[in-house]
Structures are given as structure tokens and as C-alpha cells.
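Subject: Structure for you to look at

Hello,

Please find the structure below. My notes on what was found follow it.

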Amino acid sequence: MPFKDPLTVEQLRAIRERQPWNPDVIALLWEVKRLRSVLLRLHQVSGDLKRPPSLMGQIYDDLMEGLAVEPCVIERDQDVAQMLEEPRKLRKGMAPR
């Protein structure tokens, strides 16, 4: 049976807001946050990992393909790209790049 689509941070936040009194929901959301951080750390080092030969190579390829479409990785990449964009309006004292 296939997995359901992964949840975005907005969807997780909405769950938290619907169930703020439920300690089980809060505990599960903390676990989701921990697991998302593991994926982000894997994404950070993925460029330095080498593809293993044989069957493990296909497993590695599947892992990297899945990692690239994880919402936490996409959200992080979007946040970084947004921070690196030039400011639309230069503030006082800022020189153009």
C-alpha cells in the first residue's frame, strides 16, 4: 500500500492549531519535526556522498530522488533562494551588488 503525500509545514501547523490540547498530537508533531531535521541533514551532506556500486546504487538513487521531493527539503531550498535574491528596494546605506 503506497504512502499518502507528505505534509507541508503549513499542514502540520494546521493540525497543531486544531489539536492544541492533545498531548499525543503534540508528541507526534515533535517526532515529525525531528524526522524532518534528519532529512534536512541528509540533504546537506548528499552532495558529498558517493553512489555505491551494484544493488546499493539503485537504493541510493531512489533515496536521493525521494529526498529531492520531500516538502521540508523543497521548503528549505525555497527559503534559501528567497534570502539570496537581491532586495527589491535598496535600503539607506546599501550599495548595489
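Let me start with a single residue. Ser54 counts as exposed because its relative accessibility is 63%, and the cut-off for exposed is over 50%. Ser54 sits in the loop between H2 and H3. Its backbone deserves a look: phi of Ser54 is near 65°, a positive value in a residue other than glycine. Keep in mind that this is a predicted model.

Now the overall layout. The protein chain has four helices and zero strands. Along the sequence the pattern reads α-α-α-α. The chain holds 97 residues, and buried residues make up 14% of them. Take the contacts between residues at least 6 apart in sequence: 44% of these join residues at least 24 apart.

H2 runs over 23-45. With 23 residues, H2 reaches 34 Å from its first C-alpha to its last. Val25, Leu29 and Arg36 are buried in H2. The buried residues of H2 pack against H1 and H4.

H4 covers 71-84. Its end C-alpha atoms are 20 Å apart, which agrees with the 20 Å that 14 residues should span at 1.5 Å a residue. Buried in H4 are Pro71, Cys72, Val73 and Glu75. The partners here are H1, H2 and H3: the buried residues of H4 pack against them.

Arg36

Arg36 is buried because its relative accessible area is 16%, and buried means under 20%. Leave out residues up to four places away in sequence, and Arg36 touches Leu7, Thr8, Val9, Leu12, Cys72 and Glu75. Two of these contacts, Cys72 and Glu75, are themselves among the buried residues of H4.

The core

Which residues form the largest nonpolar core? There are five: Tyr60, Met64, Leu67, Cys72 and Val73. H3 (55-68) and H4 each supply at least two residues of this core. H3 gives the most, with three residues. In soluble globular proteins, nonpolar side chains tend to be buried together. Setting aside its neighbours within four places in sequence, Val73 is in contact with Leu39, Leu40, His43 and Leu67.

The largest pocket holds about 480 Å³ of space. Its lining has 14 residues, and those nearest its centre are Lys4, Asp5, Pro6, Leu7 and Glu70. H2 and H4 are the elements that give two or more residues to this lining. H2 contributes the largest share, five residues. By type, the lining of the largest pocket divides into ten nonpolar, no polar and four charged residues.

The second largest pocket has a volume of about 370 Å³. It is lined by 15 residues, of which Val9, Leu12, Leu29, Lys33 and Arg36 are the closest to its centre. H1 (9-18), H2 and H4 each supply at least two residues of this lining. Again H2 gives the most, here with seven residues. The lining of the second largest pocket divides into eight nonpolar, no polar and seven charged residues.

Arg36 thus ties two of these sections together. It is buried at 16% relative accessible area, and it is also listed among the residues closest to the centre of the second largest pocket.

The loop between H3 and H4

Val69 is found in the loop between H3 and H4. Val69 and Pro6 are 63 residues apart in sequence, yet 9.3 Å apart in space, C-alpha to C-alpha. Pro6 is one of the residues nearest the centre of the largest pocket.

Best wishes

Methods. Residues are numbered from 1 along each chain as its sequence is written. This is a predicted model: local features need pLDDT of at least 70, side-chain atom pairs count only at pLDDT 80 or more; totals for chains, interfaces and linings use all residues. Side-chain values use heavy atoms; hydrogens and water are left out. On a 1 Å grid over the protein atoms alone, a cavity is a set of points where a 1.4 Å probe fits but cannot get out, and a pocket is an open set with protein on both sides within 12 Å along at least five of seven lines; lining residues have an atom within 4 Å of a point. Grid points are joined across faces, edges and corners, and a volume is the space filled by probe spheres set on the points. Ala, Val, Leu, Ile, Met, Phe, Trp, Tyr, Cys and Pro count as nonpolar, Asp, Glu, Lys and Arg as charged, and the others, Gly among them, as polar. A nonpolar core is a set of buried Ala, Val, Leu, Ile, Met, Phe, Trp, Tyr and Cys residues joined through side-chain atoms within 4.5 Å. Buried means under 20% relative accessible area, exposed over 50%, partly exposed in between (1.4 Å probe, protein chains only). Contact means heavy atoms within 4.5 Å. The expected span of a helix is 1.5 Å times one less than its number of residues.
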